[in-house]
Amino acid sequence: MLKKVILTVFIAFIVFVLAFGYAFSNLKSESVYYAQHTPHSKQAEPVLMEVALNLDWIYAPDVKGIKYDYDGYRNIYNYNYAKKEAPSFCFWASGEYEYFDGNSLNYIFDRKFKLVEVWNSDTLKRVSKNVDLPAVKKDIYRTVQPVIDAQSEPLINLQWLYDWVNKDRFN
């Protein structure tokens with residue numbers, strides 16, 4: 001009798017661990033798909049946030065002109081635009097996001113994707129002029145769009161769980 005109880009508890013534990021592991025993996029690897037369908041505030045950009053945050057989990061397509069850097073920061077470079085350097089979008093370990101426009105400006109965003117500051121990498125000084133934030137976000141999307149387009153619909157849709165876990169992050 002005691003052996004049956006212990007075996008049942010052990011099997012239930014294994015099933016729980018496997019289900020939890022699958023759910024965790026699904027939420028990470030399909031995060032861009034879920035972010036496209038999650039409610040969020042006007043300021044937040046869940047798709048951009050998830051692309052950079054989970055770059056090592058999501059499908060990173062082999063697209064001409066797109067390079068990935070997983071060393072330290074999670075960085076996406078897009079060499080398809082004629083600029084001084086390749087525009088890039090990355091996530092820092094501190095929880096901030098950075099967009100380099102390919103010319104000389106670095107846009108730094110906080111955890112909720114609020115613009116914190118703009119730096120000129122040529123002069124190494126903070127830029128104090130007004131920033132056209134919708135245009136900057138459009139440029140960021142243009143930089144990472146091939147990665148966003150390559151994401152597929154999940155086999156088991158856990159949108160409800162993703163929304164519940166991230167409700168405070170995007171609002």
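**Figure 1. The hairpin of strand 4 and strand 5 in the predicted model.** Strand 4 and strand 5 form a hairpin in which four residues lie between the two strands, and glycine 102, which sits in the turn, has a positive phi of about 95°. The model shown here and in the views that follow is a predicted one. Strand 5 covers residues 105-109 and runs antiparallel to strand 4, to which four bridges join it. Within this pairing, tyrosine 99 stands opposite tyrosine 107 of strand 5.

**Figure 2. The hairpin of strand 3 and strand 4.** On its other pairing, with strand 3 (residues 88-91), strand 4 is again held in the antiparallel sense, over four bridges. Serine 88 has phenylalanine 100 of strand 4 as its bridge partner. Five residues lie between strand 3 and strand 4 in this hairpin, and the turn contains glycine 95, whose phi is positive at about 95°.

**Figure 3. The two faces of strand 4.** In a regular strand, side chains alternate between the two faces of the sheet. Which residues of strand 4 point one way, and which the other way? Across residues 97-100, Tyr97 and Tyr99 point one way while Glu98 and Phe100 point the other way, and all of these residues are buried.

**Figure 4. The largest nonpolar core.** This core has 35 residues, and those with the most contacts inside it are Val51, Phe89, Tyr97, Phe109, Phe113 and Ile140. The elements that give two or more residues to the core include helix 1 (2-29), helix 2 (31-36), helix 4 (133-149) and helix 5 (159-165), together with strand 3, strand 4 and strand 5. Helix 3 gives the most, with six residues. Isoleucine 140, one of the residues with the most contacts inside the core, touches Leu48, Phe89, Tyr99, Phe109 and Phe113 when residues up to four places away in sequence are not counted.

**Figure 5. Helix 3 and its surroundings.** Helix 3 is mostly covered, with eight of its eight residues buried. These buried residues are Pro46, Val47, Leu48, Met49, Glu50, Val51, Ala52 and Leu53. They pack against helix 2, helix 4 and helix 5, and also against strand 2 (74-78), strand 3 and strand 4.

**Figure 6. Glutamine 151 in its loop.** Glutamine 151 lies in the loop between helix 4 and helix 5. Is this residue, glutamine 151, buried or exposed? Because its relative accessibility is 15%, glutamine 151 counts as buried, the cut-off for buried being under 20%. The side chain of glutamine 151 reaches the backbone oxygen of tyrosine 59 at 2.7 Å, and a polar atom of that side chain lies 2.9 Å from the backbone oxygen of valine 147. Leaving aside residues up to four places away in sequence, glutamine 151 touches Ser29, Val32, Ile58 and Tyr59.

**Figure 7. The chain as a setting for the close-up views.** The chain has five helices and seven strands, and from the N terminus on its elements run α-α-α-β-β-β-β-β-β-β-α-α. Its radius of gyration is 20 Å, whereas a compact globule of 171 residues would have one near 16 Å. Along the principal axes, the C-alpha atoms fill a box of roughly 75 × 35 × 25 Å. Buried residues make up 40% of the 171 residues in the chain, and the accessible surface comes to about 10500 Å², of which 61% belongs to carbon and sulfur atoms.

Note on methods:
Residues are numbered from 1 along each chain as its sequence is written. This is a predicted model: local features need pLDDT of at least 70, side-chain atom pairs count only at pLDDT 80 or more; totals for chains, interfaces and linings use all residues. Side-chain values use heavy atoms; hydrogens and water are left out. Buried means under 20% relative accessible area, exposed over 50%, partly exposed in between (1.4 Å probe, protein chains only). Two strands pair if DSSP finds at least two bridges between them. A nonpolar core is a set of buried Ala, Val, Leu, Ile, Met, Phe, Trp, Tyr and Cys residues joined through side-chain atoms within 4.5 Å. Contact means heavy atoms within 4.5 Å. The radius of gyration is taken over C-alpha atoms; the globule rule is 2.2 Å times the number of residues to the power 0.38. Accessible areas come from the Shrake-Rupley method with a 1.4 Å probe; for residues, only the protein chains shown count as cover. A polar contact is a pair of N or O atoms within 3.5 Å; within protein, one must be able to donate a hydrogen and the other to accept it, and residues adjacent in sequence count only if both atoms are side-chain atoms.
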